[in-house]
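Please look through the structure below before reading the points.

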Amino acid sequence: MNAKTESDIRESAAADIESLRIVYAEAFPEEELMPLVVALLEPGSPVVSLVASVDGAIVGHILMTLCGIEGRSERVALLGPLGVAPAWQKKGVGTALVAEGLRRVKASGAAQVHVLGDPAYYGRFGFRADAGVAAPYPLPEEWKTAWQSLSLRDGAPTLTGKLVVPEPWRQPALWAPLPE
Ligand SMILES: CC(C)(COP(=O)(O)OP(=O)(O)OC[C@H]1O[C@@H](n2cnc3c(N)ncnc32)[C@H](O)[C@@H]1OP(=O)(O)O)[C@@H](O)C(=O)NCCC(=O)NCCS
């Protein structure tokens with residue numbers, strides 16, 4: 001078993017972009033997520049963006065975007081992307097980023113957090129498949145269990161409706177499997 005690594009978690013800064021390019025190229029060799037990340041990091045975007053660093057080097061990043069639900073007043077968050085450089089994976093860095101991201105979006109008033117990701121990973125944080133709030137674009141049947149949420153409010157009723165995302169997320173390709 002790998003020992004856990006103590007990483008420092010802080011808000012990302014404009015100067016971190018080149019480090020983020022390296023983290024994302026290594027963590028997602030088959031996906032080009034930097035255009036989404038760069039668009040979401042535009043000044044004034046409703047995001048929580050955190051970097052994890054070890055000895056001053058950035059090894060991971062998480063974005064959480066504050067979103068709405070059609071016809072409702074609650075604010076919710078959309079988790080992603082989340083990436084940790086392969087050399088630093090399975091050492092607790094992703095967990096530290098998710099935990100701090102959840103703390104911050106809860107503090108900013110988000111009622112729950114949504115994610116499209118691996119249930120084996122996100123289930124560890126309490127995320128469960130969500131059939132109440134629909135993703136902004138129809139998801140393929142095989143991804144239904146990957147669309148998950150985690151309530152940040154004790155005992156609150158389940159939210160229903162359709163997630164309303166800011167412009168950078170309004171790309172159907174982000175919500176569909178990668179082309180073969
Ligand atoms: C998924 C990812 C963010 C996890 O970050 P990480 O720093 O490696 O995660 P952690 O070390 O905090 O993992 C916590 C636990 O989850 C496990 N875990 C890590 N990745 C996992 C996965 N994909 N599926 C299931 N469990 C996973 C770890 O083994 C660890 O278990 P332990 O506590 O029993 O030791 C990272 O591996 C990554 O960037 N992967 C490539 C990109 C990606 O898939 N991102 C997610 C997009 S949805």
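1. The model is predicted. Keep this in mind while reading the distances and angles that follow.

2. A polar backbone atom of Leu82 is 3.0 Å from a ligand nitrogen atom, and a polar side-chain atom of Gln89 is 3.4 Å from a ligand nitrogen atom. In the side chain of Tyr121, an N or O atom lies 3.2 Å from an oxygen atom of the ligand. On its own the ligand would expose 880 Å², of which the protein buries 72%.

3. Tyr121 also belongs to an aromatic cluster, together with Tyr122, Phe125 and Phe127.

4. Over the whole structure, seven aromatic pairs are found. In one of them, Trp147 and Trp175, the ring centres are 5.9 Å apart and the planes meet at 70 degrees, so the pair is edge-to-face. Trp147 is in strand E8 (residues 147–151) and Trp175 is in the segment after strand E9 (161–164), so the pair links distant parts of the chain, 28 residues apart.

5. Trp175 also pairs with Trp169: the centres are 5.7 Å apart and the planes are at 55 degrees, so this pair is tilted.

6. Are these Trp residues buried or exposed? Trp147 is buried, at 3% relative accessible area. Trp175 is buried at 2%, and Trp169 is buried at 7%.

Methods
Residues are numbered from 1 along each chain as its sequence is written. This is a predicted model: local features need pLDDT of at least 70, side-chain atom pairs count only at pLDDT 80 or more; totals for chains, interfaces and linings use all residues. Side-chain values use heavy atoms; hydrogens and water are left out. Rings of Phe, Tyr and Trp (its six-membered ring) pair if their centres lie within 6.5 Å; planes under 30 degrees apart count as stacked, over 60 as edge-to-face and the rest as tilted. Helices (H or I, at least four residues) and strands (E, at least two) are DSSP runs, numbered from the N terminus. Buried means under 20% relative accessible area, exposed over 50%, partly exposed in between (1.4 Å probe, protein chains only). A polar contact is a pair of N or O atoms within 3.5 Å; within protein, one must be able to donate a hydrogen and the other to accept it, and residues adjacent in sequence count only if both atoms are side-chain atoms. Accessible areas come from the Shrake-Rupley method with a 1.4 Å probe; for residues, only the protein chains shown count as cover.
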